[in-house]
Amino acid sequence: MKMKSMGYFAFVLLSISILSYGLSGAVYAQEAPVLPLSVTSDLPSYASGDSITISGSIKTLAEYSQSVTIVVVSPDGNIVTIAQVIPSSDGSYTTTLKAGGTMNISGDYEIRAQYGAQKITSTFVFTAEGSTTPEPEPTPEPEPTPEPEPTPEPEPTPEPEPTPEPEPTPEPEPTCGAGTELVNGMCQVIKTTEPTPKSGGGCLIATAAYGTELAPQVQFLREIRDNTVMSTESGTSFMTGFNQLYYSFSPTIADMERENPMFQEAVRAFITPMVSTLSIMTLADSGSETEVLGLGISVIMLNLGMYIAAPALIGVKSYKHFKSRK
């Protein structure tokens, strides 16, 4: 009798547990899902010269410091800018870029955000300078039947103009000394801020290798690209195709450099000779198609010989040497 009572009691407890589990599952199912990664812009549309603020949040941060890669793609599929942002401790992140420059066509621009294996997209509308939507031509209305001209009324006698009151003489503004500026009628000390590097369009691998965008090597690469290569049509076409390939793998390598100091040192030692060879491009005049194209081909051939031909030749010589000793 006692065993039968205990069995009945256990059956009642099991029934209550199953029923409560079903009710709690129904309650949790009604909660709205939270996306692991989000991205959006502060406004739905922009024009040339506007400031675009891109922000979002990450639900679960990685154990190590990992950046969010943000890529902006034009309506024709070209990458116009790319940036990497370190999220804050609460998972939020934000970055700012200026509309214009490589954004030279109107339409819907796509924002692609990637954090590790998580990816999400968003869009905004950009209107290029001078781009207008043609208005439909109005339908011509039938000309109205001319009405008889009314008899002109006699012109009224003009009233005498009032004498203008003399304007008060403005008080002279105080003269501020060096290092101060006039604010609300008072001289205040000018607050200086550290210069910030331009966002977007940087060399991700070199920036991660040298630790900062303000490194002389990174600044040198940016000056060669903007002032020499991009000053010609052939150089602009080359950089457009190169960016499509380069930014497909560079964010991953940059993250690996930040996670592994030894790999960062190896990449720095590998790219330093290539950065040195690019000094040849400073000999070209800005805007000269012939000089930029000729020196660019020379730099490419020099790097192919240094990174491919020379190691291959050393390998063949070493193989023949060891084979002759056997």
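Mentor: A salt bridge here is a side-chain nitrogen of Lys or Arg within 4 Å of a carboxyl oxygen of Asp or Glu, and by this rule the count comes to 5 salt bridges. This is a predicted model, in which local features need pLDDT of at least 70 and side-chain atom pairs count only at pLDDT 80 or more, while totals for chains, interfaces and linings use all residues. Residues are numbered from 1 along each chain as its sequence is written, and side-chain values use heavy atoms, with hydrogens and water left out.

Side chains of opposite charge can pair when their charged atoms come close. One of the pairs joins Arg222 to Glu213, with the closest N and O atoms 3.9 Å apart. For burial, I call a residue buried under 20% relative accessible area, exposed over 50% and partly exposed in between (1.4 Å probe, protein chains only). Arg222 is therefore buried, at 14% relative accessibility, whereas Glu213, at 23%, is partly exposed.

Two further pairs lie within helices, and helices (H or I, at least four residues) and strands (E, at least two) are DSSP runs numbered from the N terminus. In helix H5, Arg258 and Asp255 stand 3 residues apart, about one turn of the helix, and their closest N and O atoms are 3.4 Å apart. Arg258 is partly exposed, with a relative accessible area of 40%, while Asp255 counts as buried at 15%. Helix H6 (residues 261–277) holds Glu265 and Arg268, again 3 residues and about one helical turn apart, and this salt bridge has its closest N and O atoms at 3.8 Å. Both partners are partly exposed, Glu265 at 43% relative accessibility and Arg268 at 27%.

H4 covers residues 233–246, and its 14 residues reach 20 Å from the first C-alpha to the last, close to the 20 Å expected at 1.5 Å a residue, where the expected span is 1.5 Å times one less than the number of residues. Its buried residues are Gly235, Met239, Asn243 and Tyr246. These cover an arc of only 70 degrees around the axis, which puts them on the same side of H4, the arc being that of the directions from the helix axis to the C-beta atoms. On the face turned away from that buried side, the exposed residues Glu233, Ser237 and Leu245 are found.

At the N-terminal end, Thr232 caps H4, since a side-chain oxygen of Thr232 lies 3.1 Å from the backbone nitrogen of Gly235; a polar contact is a pair of N or O atoms within 3.5 Å, and within protein one must be able to donate a hydrogen and the other to accept it, with residues adjacent in sequence counting only if both atoms are side-chain atoms.

The buried residues of H4 pack against strand E5 (79–85) and the helices H2 (204–210), H3 (216–228) and H5 (250–259), a contact meaning heavy atoms within 4.5 Å. Strand E5 includes Ala83, which counts as buried at 14% relative accessibility. Ala83 and Pro251 are 168 residues apart in sequence, yet their C-alpha atoms are 9.3 Å apart in space. For the protein chain as a whole, 59% of the contacts between residues at least 6 apart in sequence join residues at least 24 apart.
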